[in-house]
Amino acid sequence: MAANLVNLEAVDKVYGTRALLDGVSLGVNEGDRIGVVGRNGDGKTTLIRILAKLESADVGRVTHAGDLRLGVLTQHDSLDPAATIRHEVIGDLADHEWAGNAKIRDVLTGLFGDLHLPGFTQGLDTVIGPLSGGERRRIALAKLLIAEQDLIVLDEPTNHLDVEGISWLARHLAARRSALVVVTHDRWFLDQVATRMWDVQRGAVHEYEGGYSDYVFARAERERIAASEEAKRQNLMRKELAWLRRGAPARTSKPRFRIEAANELIADVPPPRDNAELMKFASSRLGKTVFELEGVTVQAGPKVLLKHLTWQLGPGDRIGLVGVNGAGKTSLLRTLEAAARSGGEQQPAAGKVVVGKTVKLAYLSQEVAELNPALRVLEAVQQIRDRVDLGKGREMTAGQLCEKFGFTKEKQWTPVGDLSGGERRRLQILRLLMDEPNVLFLDEPTNDLDIETLTQLEDLLDGWPGSMIVISHDRYFVERTTDRVFALLGDAALRMLPRGLDEYLERRQKVIEAAAPTPAQPAAAAPKKPAAVNRAAQKELQRIERQLDKIGEKEAALHGQMAEHATDFEKIAGLDAQLRELGAQREELEMRWLELAEDA
């Protein structure tokens, strides 16, 4: 039987007139891996701070095992600003000692990319004081992971990490023997590391077995049993449940409850997005041209980020854009934005950007736009307009859209200056959508948003008819809202990844391995391809991408016909044969795409 490490007995915690925790009793045992979710402000951070004895409970008792080794990552580090990274992370170990320690090497490489910390001017000898909050968080996380603990408590550990860093952290934590309690909004990460979930809601903590996907099923089943009227079934959880069952490949671990009962909730729920319908509507709003890039070079000062890029964003395209930090993701969006805002007059350093005449762009940057702090939330939205057309006859008032984004009728009269960072982010997205754009650029839209708000945003984007580019380190959000993934791998080129983020991580690993050749086998310089060959390859790549899109539409149509003729076995057999033929065509095209990508 696993030993108990931490115990909470009948814990209460009140702030002002609000009870964040009300009679909560929980335990953490050896080997537990617990993910903590809930809306912002419902008490997730308070719960883990009380659990770690960083904060005291008003009522109740918290007990730790007598010899408990506890490591805690809070949202505000306690690093010595006068110390160096070496002193805080490695301590007094000599170079040969820490360099010979596999765990230290793994942590430094996983969090910083290299043992010599290439992102810091003085490497390990960089002084901590002048560093950014994100850099300090990574240092604090490295310090924690290098030590030995029985229990690790992490508050938003994936903040300020890129896709690779998050993937590494998930693998690292899964391989450790320490128990884990983690608060995070990163749903993919929760699926990788958690075997139990705590859902903090209105003072109570509900426990579920499994990772995030299992939690979605279990919570849907719980709500099905508890529902007393039809309206209780009409919630966003049903839509996410439908996506997990139909849209994503085998996300859940082995089921620990009656999935059959949960499936009753989604029997009448269509796929999250009708891509063919959205594409048709987007084309009517945008025409044939959105953005076309011909031989474009993108620079940041003297540094060339993208070179000779020929690419197009078409009507209804939903693109996820990933890449290493500094590879040019945000710079590419800013280049397109500059061309759109200037009516095509402002062009990049080289090449040409053609902008469609009907393009109406909304760009959510990483910086939260400053608003008059005296404005009320509803007034800030009504500044844009009073009503918004969401397409296909759907219309919402400013107040209704505010409610959909978690601003209740009372909250709508809160001054903007009193909002939290996450609430301001929500308000920024809301104002963008109220302006009825037909092209959306979203640069890290998930920052500071809780899971409930993320599902509300995903639901809204499911029916949004237009073209979209999403930059995000939130893998779940990228997979949920986009149809294709493109990557910047730091070599001044843009590549489509048919297998999405899995392929991106594989390619990055190959790049890292190739960058460190053995002394006996120095890396040979690749022969340069003639420019004409590159251009021809780029054109064929685009042609294949269009063919892959058409195959996807045909496959979706065939699936619809199969559902319609489910009892006609002869018809089903014919449709299934067509589906297999399309699958073979897709595989052949994807193989050709990969060959061309290497050439280009």
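The questions and answers below take up a few labels in turn.

Q: What should I know before starting?
A: This is a predicted model, where local features need pLDDT of at least 70 and side-chain atom pairs count only at pLDDT 80 or more, while totals for chains, interfaces and linings use all residues. Residues are numbered from 1 along each chain as its sequence is written, and side-chain values use heavy atoms, with hydrogens and water left out.

Q: How many helices and strands does the chain have?
A: There are 20 helices and 20 strands. These are DSSP runs numbered from the N terminus: helices are H or I with at least four residues, strands are E with at least two.

Q: Why is the pair of Phe 291 and Phe 441 called tilted?
A: Start with the rule: rings of Phe, Tyr and Trp (its six-membered ring) pair if their centres lie within 6.5 Å, and planes under 30 degrees apart count as stacked, over 60 as edge-to-face and the rest as tilted. By this rule the count comes to seven aromatic pairs. For Phe 291 and Phe 441, the ring centres are 5.9 Å apart and the planes sit at 35 degrees, so tilted is the label. Phe 291 belongs to strand β10 (residues 291-300) and Phe 441 to strand β17 (residues 439-443), so the pair links parts of the chain 150 residues apart.

Q: What makes the pair of Tyr 363 and Phe 441 edge-to-face?
A: Here the planes are at 80 degrees and the centres 6.0 Å apart, so the pair gets the edge-to-face label.

Q: How do you know whether Leu 117 is buried or exposed?
A: Buried means under 20% relative accessible area, exposed over 50%, and partly exposed in between (1.4 Å probe, protein chains only). Leu 117 has 0% relative accessibility, so it counts as buried. You'll find Leu 117 in the loop between α4 (102-112) and α5 (133-146), with a positive phi near 50 degrees although it isn't a glycine.

Q: Which label does Asn 159 get, with a relative accessible area of 33%?
A: Asn 159 is partly exposed, because 33% falls in the in-between range. Asn 159 is in the loop between β6 (151-155) and α6. His 160 lies in the loop between β6 and α6 too, and its phi is positive, near 75 degrees.

Q: What makes helix α1 mostly covered?
A: Six of the eight residues of α1 (residues 44-51) are buried. Among them are Leu 47, Ile 48 and Ile 50. Across the chain, 49% of the 600 residues count as buried.

Q: Why are α6 and α18 called roughly perpendicular?
A: The axes of α6 (residues 163-175) and α18 (residues 500-514) cross at roughly 90 degrees and come within 11 Å. Axes are lines fitted to C-alpha atoms, for helices over the stretch in contact, with angles running from 0 to 180 degrees between N-to-C directions. Under 35 degrees counts as roughly parallel, over 145 as roughly antiparallel, 65 to 115 as roughly perpendicular and the rest as oblique. That is why α6 and α18 are roughly perpendicular to each other.

Q: Which residues of α6 meet α18?
A: Val 163, Glu 164 and Ser 167 in α6 do, and their partners in α18 include Leu 501 and Tyr 504. Contact means heavy atoms within 4.5 Å.
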